[in-house]
Amino acid sequence: MVTVRLENIEKVFEQKTPSGEVSKVFALKNINLTIIDGETIAVVGPSGCGKSTLLRVIAGLEKATDGNVYFDDKLVNDVEPKDRGIGIVFQNYALYPHFKSKGNLSFFFKLRKTKEEVINERVRVTAETLGVGFEELLNRKPGQLSGGQQQRVALGRCIIKEPTIFLLDEPLSNLDAKLRERTRIELKRLLRRFKVTTFYVTHDQVEAVTLGDRIAVMKSGQILQVAPYREIYKHPVNMFVANFIGLPPMKFLDVKLNGQKLIGEGFEIEISSEVAKAIGDENRKLALGIRPENIEISSNPETGFYKAKIDVIEPLPNEGAKYVYFSYAENAESVAKAELSYEGKVGDTIYVQLDSKKIYIFDKDTEESIVAQDRVFSIVNA
Amino acid sequence: MSAKKRRAPSKGKAVQRITTGQIVIYAILTIGAVIMSLPIVYMISTAFKPATELMLYPPRFLVRVPTTKNFSDLALAMGSTDTPFIRYMFNSAFVSTIVVVGTIILSTLAAYPLAKHNFPGRNFIFNVIVSALMISGHVTMIPRYLVIRNTGWIDTYYALIIPALAGSYGLFLMKQFIEPIPNEMLESAKMDGASEWKIFTNIILPLVKPAWATLSIFTFISTWNDFFTPLIMTKSDSMKTLPLAMRTISDGMTIARMGAAAAGTFLTTIPVILVFIFFQRYVVETMTYSGMKG
Amino acid sequence: MASTSVTPNATPEVQASHGKKRSTWERIKEYRWSYAFITPFMLIFTVFTVIPVIWAFFLSLTYYNMIQPPVWVGMENYIRLFLDDQLFYLAVKNTFYFSIVTGPLGYVLSLIIAWLINEVKYRKLYTLIYYIPSITSGVAMSVIWMYLYNGSKYGLLNYLLLKWGIIEEPVLWLKNVKTTLPAIMVTSIWMSMGTSFLVFIAALQGVPNELYEAALIDGATRWQEFWHITLPMIRPALLFGAVMTVVNSFQVFDITVTMAGFPSTLYCAHTIVGHLYDYAFLRFEMGYASAIAIVLFLVTFITSTVLRRLLSSRDEM
């Protein structure tokens with residue numbers, strides 16, 4: 001098994017503007033990332049953020065414009081994809097439609113002129129690994145398989161060559177919701193069992209949370225943060241990560257520092273002197289964020305509670321909760337989590353308190369975190 | 001998944017509205033179909049008419065007592081030449097077959113990198129080839145003739161075969177067909193350790209098989225029916241193909257030779273029609289699939 | 001994330017080899033297989049298409065009789081062609097007359113028929129019947145049409161027209177200056193209707209059914225459906241068909257030469273390609289013939305470009 005190390009990876013495309021000038025577009029910018037032996041890194045980000053390109057650079061399908069890829073201590077920039085010991089599953093599976101499933105699994109060995117008995121044994125073992133019913137798929141062509149079955153064959157084609165690295169590019173996104181859930185668990189079990197270094201690209205944060213030992217959040221070709229889910233959820237480095245991780249997405253309220261208080265439209269919140277010191281300048285434009293579970297709702301006015309109006313209520317029986325979207329004022333909206341039994345209605349007036357120990361404060365201009373719950377990110381040098 | 005898509009061509013209209021309009025449409029189509037097939041039916045009927053029926057007045061459309069004598073006449077001699085008709089048939093069949101096979105091989109080979117590899121010069125090459133689609137064969141015919149004359153190929157099979165192998169249309173069709181094959185599939189093969197040649201033989205070739213049918217049939221028809229190329233590239237009678245032979249027959253035609261000429265037409269047209277009927281299924285499918293975009 | 005760019009393992013040389021941009025030569029080497037794949041095609045294509053096109057331009061500016069080497073004459077061939085060659089004018093006139101009638105007529109007919117076929121069952125059978133004439137050899141089928149047009153009373157057409165009293169004596173259809181070209185046009189339309197027909201059929205079948213259903217729900221009539229849904233959806237095919245039709249109709253030669261003879265009566269069926277053939281392969285005036293070829297090329301090219309502009313609003317085809 002291997003540790004994958006990416007060092008200053010850049011991928012630049014040159015684009016001709018209509019006026020004839022050549023402009024550079026960074027698909028990947030200054031990527032430094034280490035995937036530790038046996039670990040699964042789940043890469044999330046909006047479409048076009050470069051996560052698939054990064055996967056293709058690791059696979060060797062795409063050459064980086066700059067930077068180095070190491071497998072353990074070996075530089076592999078110039079190693080052919082086929083010699084990198086990689087197993088890959090694509091979003092559209094890319095099964096060979098004219099081969100039966102068995103042919104898809106054994107193509108790798110056919111190319112190496114492996115003996116028939118050896119191939120058969122490998123196919124048998126792989127089918128066993130992939131569980132009940134896989135055997136029956138072997139004699140059918142991809143066109144005769146359902147989406148879920150195709151996905152399993154694609155997975156089989158990936159693991160049969162016993163790769164040292166798994167590269168999975170949104171392997172579940174073409175499945176329907178039910179099947180996706182089941183396959184996610186199955187995949188988790190497989191990854192546990194193989195303990196293979198895995199690079200998992202997805203846009204679904206539930207998948208990322210389930211499968212990733214660590215999560216990497218990407219945006220515009222850059223990795224913004226790499227950490228286990230809890231850490232990213234608790235201490236996002238900027239507004240983008242804070243908004244991207246967590247469901248429903250974090251809402252932001254415009255606030256200003258005033259002494260020991262943050263003042264927003266229609267509400268105020270007391271903060272510790274430490275936090276105030278971290279913000280420093282009272283003229284700084286700030287964004288205040290808070291997770292829904294750290295907001296308390298009351299139907300009566302209490303101290304520290306401010307008046308708000310309910311805009312939307314979204315009941316989620318699965319989570320045993322109701323999400324209450326409310327607004328203090330025209331442009332001051334947020335969302336709180338309530339019990340499923342909560343009885344407020346849209347249009348009702350409520351009173352809301354934000355837990356001052358669990359707030360996030362961002363610089364509105366740079367979007368960087370200043371304070372995230374109990375952590376202070378930067379202290380302004382006076 | 002592309003394979004699925006390819007197998008199930010989008011059905012046209014299934015909304016059925018059985019109205020008087022529908023009946024009118026059937027009537028128009030059927031009358032049109034009868035008119036369209038009259039000359040073909042007349043040709044077949046005449047090919048089997050005995051001399052007495054050819055001379056008949058008033059002329060009859062359909063044959064009464066069919067005979068194959070016209071065909072045996074044709075086999076014996078034709079006009080001023082003593083080349084048997086079967087020789088022209090052989091020439092046509094031989095040239096057309098070789099051109100079909102060669103075109104498929106060359107254009108599939110060339111279409112693969114043009115569709116899937118981003119090599120320097122790709123766009124330039126492709127644009128040149130596509131522009132050639134709009135240039136008629138007659139424009140290049142004179143220099144082509146001079147090239148062939150310099151190589152000493154005039155009046156040989158080479159002259160009829162080699163220039164026909166690199167047609168823009170075939171390449172264009174193949175490229176349209178290879179383009180939608182997902183890149184990931186080729187990349188999977190690459191990861192499995194396949195060389196470019198293996199990718200071509202193991203993945204590309206089997207996947208474009210349906211396009212072969214279309215390309216084969218169009219290449220076959222256009223080569224088989226080509227009149228201008230053999231007209232200028234051949235000299236001797238034994239190198240002539242069917243259309244040239246038919247032209248010789250049609251010159252100074254008498255009623256007595258009508259039967260033989262119709263038999264010749266029969267032998268010239270029926271093989272093509274049969275080939276087309278056999279491949280029709282693939283043709284419309286391929287054309288729907290390749291979608292005439294690009 | 002901080003960009004700590006410490007590189008313990010990479011030596012400077014290694015980094016250099018993955019420098020900013022790979023040179024063109026390296027990319028060419030990387031794609032050597034691609035070049036190997038296209039070489040056989042390109043070789044033949046270059047020798048028999050690219051070079052001849054360039055050569056044709058050159059030849060058209062020379063006098064060349066294939067015995068002596070070409071002599072440079074500048075624009076003389078073109079001047080002679082446009083100012084001195086009555087027969088060329090006749091050929092151009094005939095070709096245009098022929099194209100303007102058979103092109104649009106065949107095109108519209110094949111569109112209507114394709115649309116009708118798409119409305120009914122037994123599509124395959126109808127498609128086959130309407131398409132078959134286009135795949136038959138023009139020369140061979142001309143022979144059959146000559147029987148139908150036979151100038152004596154034995155000709156089927158003459159017989160029928162006499163019987164119905166439309167004409168009083170047999171018409172020499174293919175010898176009479178007035179009737180020759182129209183007679184050939186009928187044959188040509190019969191024979192070439194299928195060129196774009198198949199493309200239309202394929203395109204029509206590619207229109208998603210949901211669109212028709214949506215239109216049905218919106219209460220569109222047949223005609224509205226055809227005008228607002230079918231036509232826009234098959235526009236690329238319409239364009240392709242139009243260009244093909246024009247290019248083909250300008251090439252007319254083999255059926256005129258078979259049906260009307262060469263030369264035809266008073267050159268009444270003389271066409272541009274016929275003129276070209278005459279000068280190139282009967283008189284061996286290759287320079288002059290090349291000038292005719294270039295004019296034919298320009299006419300075809302300009303017409304199809306104009307058509308494309310007219311029919312496409314964007315960058316199709």
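Biologist: How many Å separate the centres of domain 1 of chain A and domain 2 of chain A?
Modeller: This is a predicted model. The domain assignment of chain A gives domain 1 as residues 4-243 and domain 2 as residues 249-376. Taken over C-alpha atoms, the distance between the two centres is 38 Å.

Biologist: Which helix gives the largest share of the side of domain 1 of chain A that touches domain 2 of chain A?
Modeller: The contact takes 13 residues from domain 2 of chain A and nine residues from domain 1 of chain A. By class, the domain 1 side has five nonpolar, three polar and one charged. Four residues, the largest share of that side, come from residues 239-244 of chain A, helix H9.

Biologist: In chain C, which element gives the largest share of the side of domain 1 that touches domain 2?
Modeller: Domain 1 of chain C covers 23-76 and domain 2 of chain C covers 86-311, with 33 Å between their centres over C-alpha atoms. Their contact takes 11 residues from domain 1 and eight residues from domain 2. On the domain 1 side, H3 and strand E1 (62-63) of chain C are the elements that give two or more residues. The largest share, three residues, comes from H3(C).

Biologist: How many charged residues does the side of chain C that touches chain B have?
Modeller: Here 92 residues of chain C are in contact with 85 residues of chain B. Helix H3 (residues 32-59) of chain C gives the largest share of the chain C side, 20 residues. By class, that side has 69 nonpolar and 16 polar residues, and the charged residues number seven.

How values were computed
Residues numbered from 1 in each chain as written. Chains lettered and ligands numbered in written order. Predicted model: local features only at pLDDT ≥ 70, side-chain atom pairs only at ≥ 80, totals over all residues. Contact = placed C-beta atoms within 7 Å. Nonpolar A, V, L, I, M, F, W, Y, C, P; charged D, E, K, R; others polar. Domains from an automatic or database assignment.
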